[in-house]
Amino acid sequence: PAVESAAFRAQDVEVMRGEGTTVKVESAVAVASGEQRRLESIKTPLRDEQGKIVGLVGVFVDRTAERTAEQRADMAHARLSDAIESLHSGFMLFDKDERLVLWNRYLERLIPEMHPVLRPGVRCEAMLRQAASSIVSADIDGWIAARLENFRANPGRFEQQMKSGRWIEGIDQRMPDGGRVCLRFDVTEQKLREQELRQAQKMEA
């Protein structure tokens, strides 16, 4: 196409008239079949023995597959983010080194005390120490040690009472690569119903 040809000629002129700089440009190009390809052009001056620019050397690299893969990866990541944000539970993803990779906004609403440390790369232990200020426990250090041990060696289901009066149910699941997927649910209403049922049963007895 004339527009694309003109753009390539303009690059040639820039290389030939410039100070010998290399020009590197990526652009969309329509091939004979009508398909759009992503081409990266790298052009640098060709000099004679006296150092005078007498031509140019051009290399074209087809980046279509690479850019398509990047677009697909971006789309997959966007879908994953949408799915995580749609959960009615707190979500955390840790890598094999116990570093936080992903989380959702519901987690911050559910356990707002965690907000100061929520960032990619923060370790699970640091998050537990931050959360410790909001839980009901007579032995905070013991609670941290126990939760960390369970997180590492025996992930599963647990419940935790918060100082706010809420109850949180947690589910930690080990992944094949050694990471962890963690969910946190607000089960306060369920706990209140159980308490009311127990009280009613005592009164009947």
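Me: Two strands count as paired if DSSP finds at least two bridges between them. So going by that rule, in which sense do strand β7 and β8 pair, and over how many bridges?

Reply: This is a predicted model, where local features need pLDDT of at least 70, side-chain atom pairs count only at pLDDT 80 or more, and totals for chains, interfaces and linings use all residues. Residues are numbered from 1 along each chain as its sequence is written, and side-chain values use heavy atoms, with hydrogens and water left out. Strand β7 (residues 167-174) and β8 pair in the antiparallel sense over seven bridges. Strands (E, at least two residues) and helices (H or I, at least four) are DSSP runs numbered from the N terminus.

Me: Which residue in β8 is the bridge partner of D172?

Reply: C182. In the hairpin of β7 and β8, G178 takes a positive phi near 95°.

Me: And how many bridges between β4 and β8?

Reply: Five, in the antiparallel sense. L93 has V181 in β8 as its bridge partner.

Me: Different topic. How many aromatic pairs are there?

Reply: One, counting ring centres within 6.5 Å. The centres of F94 and F151 are 5.3 Å apart and the planes are at 80°, so the pair is edge-to-face (over 60 degrees; under 30 is stacked, the rest tilted). F94 is in strand β4 and F151 in helix α5 (residues 140-153), so the pair ties together parts 57 residues apart in sequence.

Me: Are F94 and F151 buried or exposed?

Reply: Both are buried, meaning under 20% relative accessible area with a 1.4 Å probe, protein chains only (exposed is over 50%, partly exposed in between).

Note on methods: Phe/Tyr/Trp six-rings, centres within 6.5 Å; stacked < 30°, edge-to-face > 60°.
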